[in-house]
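Here is a short report on the charged side-chain pairs of this protein chain. Please keep the model open beside the text as you read.

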Amino acid sequence: MNQPQAGHKDNLPAEWRALAEAALVARKRAYVPYSNFQVGAALLDEQGAIHFGCNVENGAYSPTNCAERTALHRAIADGHRPRSFRALAVTGETHLPITPCGVCRQVIAELCSPDMPIIMTNTKGDWRITTITELLPGAFSLEDERNQTQS
């Protein structure tokens, strides 16, 4: 990436500004009656369409779904191929730009290209751009496991 890797919304590269703003819109849709911690995500597909995701809580807790996974699952359900996505933005009300949880990192590693930009933001306008390879080095992959057993 030839662009700044972190900053404030005033210097967020224009190509990602709209995606970060879409994540803020998605955040408002979160269903969070237990934690009151709203997270929004916006996934950009190869045609330029944005798929919204928000966290959806459940009283049993384990069925709760994060914003990033909601956006990715929605795009897959809408017929988009894994690894065809261009970028993912995620936002929350955190001191520093929010980062995907471990489960979301594994799902992103499975469904997105290793070098796809992940734009992490917060409601104050701070941001950081990274990739899933940086967030989850050595991610588990069944493909890797199959290749090991065939060697």
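Searching the whole structure turns up 3 salt bridges, where a salt bridge is a side-chain nitrogen of Lys or Arg within 4 Å of a carboxyl oxygen of Asp or Glu. The model is predicted, so local features need pLDDT of at least 70 and side-chain atom pairs count only at pLDDT 80 or more, while totals for chains, interfaces and linings use all residues. Residues are numbered from 1 along each chain as its sequence is written, and side-chain values use heavy atoms, with hydrogens and water left out.

| Salt bridge | Closest N and O atoms |
|---|---|
| Glu93 with Arg27 | 3.3 Å |
| Arg81 with Glu46 | 3.0 Å |

Let's begin with Glu93 and Arg27, which form a salt bridge. Because Glu93 sits in the loop between strand 4 (87-92) and helix 3 (102-111) and Arg27 in helix 1 (residues 14-27), the pair ties together parts 66 residues apart in sequence. Helices (H or I, at least four residues) and strands (E, at least two) are DSSP runs, numbered from the N terminus. Glu93 is exposed at 55% relative accessibility, whereas Arg27 is buried at 7%. Buried means under 20% relative accessible area, exposed over 50%, and partly exposed in between (1.4 Å probe, protein chains only).

Next comes the salt bridge of Arg81 with Glu46. This pair links distant parts of the chain, 35 residues apart: Arg81 is in the loop between helix 2 (67-77) and strand 4, and Glu46 in the loop between strand 2 (39-44) and strand 3 (50-54). Glu46 is partly exposed, at 36% relative accessibility.
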